[in-house]
Amino acid sequence: MTAPTAPALSPADVAAHELASYVRQPRTVLHRVPASHPRGAWPAEEFAAQRRAEGVPAEVVYDYPSDAFLVITQAVSS
């Protein structure tokens with residue numbers, strides 16, 4: 001007995017999937033601060049604020065696998 005195959009997605013379904021919040025967009029890590037830093041996430045927040053002042057859309061996220069705060073920018077799609 002063969003396993004059933006999934007039906008092909010329509011172009012609208014593919015577009016909706018790509019825009020869904022659970023689909024991770026490519027990102028560039030600009031700076032990394034260990035979660036064990038004495039000042040916590042503050043150095044990452046300060047770095048991100050400096051980048052935003054320069055016009056770079058930086059944000060701080062916590063990365064569980066590396067146990068670090070990352071300053072990231074989303075990759076620009078063409």
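Me: What span should the twelve residues of helix α2 have, and what do its end C-alpha atoms show?

Reply: At 1.5 Å a residue, helix α2 (residues 42-53) should span 16 Å. The expected span is 1.5 Å times one less than the number of residues. The end C-alpha atoms are 16 Å apart, so the two values agree.

Me: What kind of model is this, and what does it count?

Reply: It is a predicted model: local features need pLDDT of at least 70, side-chain atom pairs count only at pLDDT 80 or more, and totals for chains, interfaces and linings use all residues. Residues are numbered from 1 along each chain as its sequence is written, and side-chain values use heavy atoms, leaving out hydrogens and water.

Me: What makes a run of residues a helix or a strand here?

Reply: Both are DSSP runs, numbered from the N terminus: a helix is H or I with at least four residues, a strand is E with at least two. The protein has two helices and three strands. From the N terminus on, their order is α-β-α-β-β.

Me: Why is Arg51 given its burial class?

Reply: Arg51 has a relative accessible area of 16%. Buried means under 20%, exposed means over 50%, and partly exposed lies in between (1.4 Å probe, protein chains only). Therefore Arg51 is buried. Arg51 lies in helix α2.

Me: Which residues of α2 are buried?

Reply: They are Pro43, Ala44, Phe47, Ala48 and Arg51. Seen down the axis of α2, the buried residues fall within an arc of 135 degrees, so they line one face of the helix. The arc is that of the directions from the helix axis to the C-beta atoms. On the other side of α2, Trp42 and Ala53 are exposed.

Me: What covers the buried residues of α2?

Reply: The cover includes β1 (27-34), β2 (58-63) and β3 (68-74). Contact means heavy atoms within 4.5 Å. Arg51 touches Leu30, Val56 and Ala58, not counting residues up to four places away in sequence.

Me: What makes Arg51 count as lying over the face of Phe47?

Reply: The rule needs NZ of Lys or CZ of Arg within 6 Å of the ring centre and within 35 degrees of the ring normal. Arg51 is at 4.2 Å from the ring centre of Phe47 and lies over its face.

Me: How many aromatic pairs does a search of the whole structure find?

Reply: The search finds two. One of them joins Tyr62 and Tyr64.

Me: Why is the pair of Tyr62 and Tyr64 called edge-to-face?

Reply: Rings of Phe, Tyr and Trp (its six-membered ring) pair if their centres lie within 6.5 Å; planes under 30 degrees apart count as stacked, over 60 as edge-to-face and the rest as tilted. Tyr62 and Tyr64 have 4.8 Å centre to centre and 90 degrees between the planes, hence edge-to-face. Ring pairs link Tyr62, Tyr64 and Phe69 into a cluster.

Me: How do you know which residues Thr28 meets beyond its neighbours in sequence?

Reply: Leaving aside neighbours within four places in sequence, Thr28 is in contact with Val71, Ile72 and Thr73. Thr28 is found in strand β1. The C-alpha atoms of Thr28 and Val71 are separated by 8.5 Å, yet these residues are 43 apart along the chain. Thr28 has a relative accessible area of 39%, so it is partly exposed.
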